[in-house]
Amino acid sequence: MDLTAERLANIAPSMTLSVTNRAAEMKAAGEDVCSFGAGEPDTDTPDHIKAACIAALEQGATKYTAAAGLPALREAIANKLMVDNGLEYDVSQISVNCGAKHSLFNAILAVCDPGDEVIIPSPYWTSYPEMVRLAGAVPVIVETDEKNGWKLTAEQFEDNMSIKTKMVILNSPSNPTGAMYSRSELEAIAEVALSEDIVILSDEIYEKLVYGDTEHISIASLSQEVKDLTITVNGFSKAYSMTGWRLGYTAAPEKIAAAIAKAQSHSTSAPTTFAQYGAIAALMGDQAPLNDMREELDMRRKYMLSRLNRIHNVTTIEPKGAFYFLVNIRKIGLKSVNFADKLLSRYKVAVVPGIAFGNDYTVRLSYATSLDVIKEGLDRFEDFCRSY
Ligand SMILES: Cc1ncc(COP(=O)(O)O)c(C=O)c1O
């Protein structure tokens, strides 16, 4: 007898986590593994953020907060959105959630009814389609082209719309491709969304990890009409090395914000109270650790790009943000899981198979790891590719 709900029958466990776990097990067993699997920064949370959390804990910040989070944190977020993104939100439009993953899940749950369609450009972050399915809605996966920088075009968006389309999910900078949408690309997409009142779910978790002179643009900042259709998601995990703190947030039109707070009030109640004090310090405190981390990541990014460009039989786009390369392995002639398995067992290099992101002819390499590991790992990666 199957005791589990049908709701979960077709939901795949997170593949990005499983590869990292396997590499970690091999490392724990004493094997010399170079892991490009990391989905989180390789630095610790800055001290002043930890200190604010510890102080809050010592001062008794150990009870529930409002479902949508501490007012002081929501004010700090509203201020951040104004200063960084040109977005004016009332505190009532902001919800603090248990990680940006939870923010995205809340947002999908708040907007989508069973049977609604959600447009997801592929390659996508691994959890989007599963979250949509968990809400009873239907993911409509739209393949993007490496030649177009793995970005959804307004035409592709329009061609995949139906009467049931309720939402489109955008992720700029993108995990897994590092791609970023320009203002004109966002304007074209927004115009299509406006034509049929499609809700835009904009995942901006990598906003602070942007390199060179590329500008991050929040799609909600394009106009009041676009803002009225957009849920902006952001968080603390990547910019402030706070993945374990589980804090993210949504900024949304009033009605959607109220629905998000309602969903949260009946699931997690609120995010962890003392962690929220750390998040206030993250936003209001010294940004030097973030700037240092970005510089370090940029140095690794440039190194990897020059190496990957010289490896025979693979291609990649230059990532403008986040900390990943999506490498096209089609010419090698192996599918992504087979490629990743062989690479790990023969050369002890861990990469994430692209099938986790909807593309079986790619693998993702994270550069949230030391330059030494990157150098050695790429030597082995190159040897492996050359053997085909
Ligand atoms: C694109 C994207 N969105 C959201 C998240 C979730 O972030 P959090 O750790 O805040 O839940 C991640 C984490 O890997 C991500 O890559």
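1. Let's begin with the loop that runs between strand S7 (230-235) and strand S8 (248-251), where you will find Arg246. Arg246 is not a glycine, yet its phi is positive, at about 55 degrees. Please keep in mind that this is a predicted model.

2. Next, have a look at two cis peptide bonds. One joins Ser122 and Pro123, with omega about 0 degrees; Pro123 sits in the loop between S3 and H5. The other goes from Asn175 to Pro176, and here omega is near 25 degrees. Pro176 belongs to the loop between strand S5 (165-171) and H7.

3. How do S3 and S4 run relative to each other, parallel or antiparallel? Strands S3 (residues 117-122) and S4 (residues 138-143) are parallel, with six bridges joining them. As one example to find on screen, Glu117 has Val138 of S4 as its bridge partner.

4. Finally, turn to the surface, where a patch of negative charge brings together Glu155, Glu158, Asp159, Glu187, Glu191, Glu196 and Asp197. Two or more of these residues come from each of helix H6 (154-159) and helix H7 (183-195). Which helix gives the largest share of the patch? That is H6, with three residues; Glu158 is one of the residues found in this helix.

Note on methods. Residues numbered from 1 in each chain as written. Predicted model: local features only at pLDDT ≥ 70, side-chain atom pairs only at ≥ 80, totals over all residues. Heavy atoms only, no water. Pairing = 2+ DSSP bridges. Helix = DSSP H or I, 4+ residues; strand = E, 2+ residues; numbered from the N terminus. Patch = residues over 30% accessible without salt bridge, like charges linked within 9 Å, V, L, I, M, F, W, Y side chains within 5 Å. Areas by Shrake-Rupley, 256 points an atom, 1.4 Å probe, with all protein chains shown as cover. Salt bridge = Lys/Arg side-chain N within 4 Å of Asp/Glu carboxyl O. Lys, Arg positive; Asp, Glu negative; His and termini not counted. Charge placed at Lys NZ, Arg CZ, Asp CG, Glu CD.
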